[in-house]
Amino acid sequence: MAQMIHHNLSPMFWISLIILIPTLLWTIKRHRNPSLNRVLFLTAHPDDESMFFGPTILNTRASLLCLSNGNADGLGSKRELELEQSAQLLNVKNLKIVNDPELQDSMSKVWNASKVLEHLKDLDQYDALVTFDEYGISGHKNHQSLYFAVLEAKRQDKIKIPCFKLVSVPVMQKFSGLFEALWTATVSDRMVFFATPQDYLLSVRAMFCHRSQLVWFRYLYLLFSRYMIINELEEIV
């Protein structure tokens, strides 16, 4: 009898799950996403926008300033084209890619804060700026450099608009996927942007524009990374 009930409930369980998860995602999206309008995203490399910031980009009027063309392996020109395609898919309103000799893609190079700030101009046209935090999600020195440059500028009152950092989490939490993201979205007291299923698929498509970067482990990233589903932001003060 118990086996029969279990057998009969199994299809109902999966049907309910298929209906429940999109409904829950939409509910969280409606209640957790803040009303930011014109936002400048400050990134370090082509593919940062789709790997890390997709949930926020897709829910704001996004402009993107990328401070290198990702030329670490001599693919800078190709990666610029890939970023243009990705930005178009993500409905980025304005895109600027910087190729400054002092701001080149390097895992070990800390970028000079003054040089970073040279490229932050006309910020009064935006409601907010969003960039990496002090760890930079992956520990990349270029990512971290953006945060410390913005922090310095905020403390010296050189940037007037609100600035936010994308919160880094421990590795296990980072790759716990959908269910961890759902839990975080319901309990976090931070500013939260949550991707709908459509948003998630669009971010995946955007990442596929970066074909030069699609090594095997990035496919796992697309499947399991929380940053494809949720962004938690904290104000930089």
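**Close-up views of a predicted model**

The structure holds zero disulfides, a disulfide being a pair of cysteine sulfur atoms within 2.5 Å. This is a predicted model, in which local features need pLDDT of at least 70, side-chain atom pairs count only at pLDDT 80 or more, and totals for chains, interfaces and linings use all residues. Residues are numbered from 1 along each chain as its sequence is written, and side-chain values use heavy atoms, with hydrogens and water left out.

**View 1. The protein chain has eleven helices and seven strands.** Helices (H or I, at least four residues) and strands (E, at least two) are DSSP runs, numbered from the N terminus. Of the 237 residues of the chain, 51% count as buried; buried means under 20% relative accessible area, with a 1.4 Å probe and protein chains only. Contact means heavy atoms within 4.5 Å. Among contacts between residues at least 6 apart in sequence, 76% join residues at least 24 apart.

**View 2. Helix α7 covers residues 141-155.** Its 15 residues should span 21 Å at 1.5 Å a residue, and its end C-alpha atoms are 21 Å apart, which agrees. The expected span is 1.5 Å times one less than the number of residues. After α7 comes Asp157, with a positive phi near 60°.

**View 3. Helix α7 is largely enclosed by the rest of the structure, because eleven of its 15 residues are buried.** The buried residues of α7 include Leu146, Tyr147, Val150 and Leu151, along with Asn142, His143 and Lys154. Among the elements that cover them are the strands β1 (38-43), β4 (128-132) and β5 (163-166). The cover also includes the helices α2 (48-51), α5 (113-118) and α6 (136-139).

**View 4. The largest pocket has a volume of about 490 Å³.** On a 1 Å grid over the protein atoms alone, a pocket is an open set of points where a 1.4 Å probe fits, with protein on both sides within 12 Å along at least five of seven lines; lining residues have an atom within 4 Å of a point. The volume is the space filled by probe spheres set on the points, which are joined across faces, edges and corners.

**View 5. The lining of the largest pocket consists of 22 residues.** Asp47, Met107, His140, Gln213 and Arg218 lie nearest the centre of the pocket. The elements that give two or more residues to this lining are α2 and α11 (216-224). Helix α11 provides the largest share, three residues.

Key. Buried < 20%, exposed > 50% of the residue type's maximum accessible area, 1.4 Å probe, protein only.
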